[in-house]
Amino acid sequence: MIDPRASIFGERLAKTGRVVAVSSGKGGVGKSMVATALALGLARQGFRVGLFDVDFTGPSTHIILGVSQDVQPKEDRGLVPAKVEGLCYMSLVYFIGNRPAPLRGVDVSNALIELLAVTQWGKLDFLIVDMPPGIGDAVLDLVRLVKKIEFLIITTPSLLAFEVVKKQAALLEELGMPIIGVVENMKQDNNSRVIEEQTKQLGLRYLSAVAFDPNIEKAIGDPAKLLDTALGEPIANLAKVLLGNKM
């Protein structure tokens with residue numbers, strides 16, 4: 001049976017230029033921080049940007065942005081995203097609050113489909129999607145439902161983290177999904193090229209490295225400071241890559 005909600009996805013995203021899914025093989029690699037910084041960086045350059053947090057394992061972009069509880073999406077034939085730091089912002093947290101979301105299988109799909117169906121994004125140059133880690137139901141559903149989605153993969157210098165990236169990349173390539181490239185986050189040894197070399201061996205583009213910087217943690221809740229940390233230059237370079245890779 002076809003879910004009638006799926007028929008309006010094309011309409012919801014009809015005026016969106018590019019949909020970039022920021023993903024990772026494992027949790028704890030700074031995926032949400034990179035997704036938020038990328039959205040802020042693009043908005044700072046004057047682009048119309050949406051940030052969509054669908055991390056069912058624990059949405060956190062609202063904490064990074066310091067979103068007040070008073071800032072809520074508005075109802076208008078669906079939900080119009082809140083305006084936060086120049087972004088059109090929507091998050092799973094608006095539906096679950098601070099409670100855990102112990103969703104499984106079909107429940108994850110239903111929640112994601114509902115979010116996609118009700119959100120009125122309007123006209124955007126970029127929609128940045130903060131994905132759940134791994135290659136579970138939410139990832140597979142977005143691949144199936146959002147036809148123009150592209151993937152940006154975040155990892156750390158850990159070979160254990162990158163081992164899962166290999167599996168994630170293999171699945172995405174098998175599904176015919178475009179992979180923009182890989183960002184190495186929390187890098188402490190500037191001389192190490194291990195992740196860069198392994199990325200190239202996979203046939204993927206190594207985009208940039210984000211140095212470990214304790215100031216990034218201190219910038220949580222203060223987005224004005226986020227791009228003044230070690231994230232600033234890699235995010236600016238990543239924005240250039242996106243602008244040069246229009247599909």
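Analyst: Happy to! Searching the whole structure turns up one cavity of 30 Å³ or more. On a 1 Å grid over the protein atoms alone, a cavity is a set of points where a 1.4 Å probe fits but cannot get out, while a pocket is an open set with protein on both sides within 12 Å along at least five of seven lines; lining residues have an atom within 4 Å of a point. The largest cavity holds about 50 Å³ of space, a volume being what probe spheres set on the points fill, with points joined across faces, edges and corners. Its lining is made up of L13, V19, F52, L116, L127, V129, L142 and V146. By class, that is eight nonpolar residues, no polar and no charged (nonpolar: Ala, Val, Leu, Ile, Met, Phe, Trp, Tyr, Cys, Pro; charged: Asp, Glu, Lys, Arg; polar: the others, Gly among them).

Before going on, please note that this is a predicted model, in which local features need pLDDT of at least 70 and side-chain atom pairs count only at pLDDT 80 or more, while totals for chains, interfaces and linings use all residues. Residues are numbered from 1 along each chain as its sequence is written, and side-chain values use heavy atoms, leaving out hydrogens and water.

The largest pocket has a volume of about 230 Å³. It is lined by 13 residues, of which M33, N185, M186, I216 and E217 are the closest to its centre. This lining divides into nine nonpolar, two polar and two charged residues. At least two lining residues each come from strand 9 (179-187), strand 10 (206-211) and helix 9 (214-218); helices (H or I, at least four residues) and strands (E, at least two) are DSSP runs numbered from the N terminus. The most is given by helix 9, with three residues.

M33, among the residues closest to the pocket's centre, falls in helix 2 (residues 31-44). Helix 2 is mostly covered, with 13 of its 14 residues buried (buried is under 20% relative accessible area, exposed over 50%, partly exposed in between, with a 1.4 Å probe and protein chains only). Just after helix 2 comes G46, with a positive phi of about 100°.

R77 sits in the loop between strand 3 (74-75) and strand 4 (79-80), and it counts as exposed because its relative accessibility is 73%. E85 sits in the loop between strand 5 (82-84) and strand 6 (87-91); with a relative accessible area of 46%, it is partly exposed.

Lastly, helix 5 (residues 106-118) contains V108, which counts as buried because its relative accessibility is 9%. Between V108 and G136 there are 28 residues in sequence and 9.6 Å in space, C-alpha to C-alpha.

Terms used
The expected span of a helix is 1.5 Å times one less than its number of residues.
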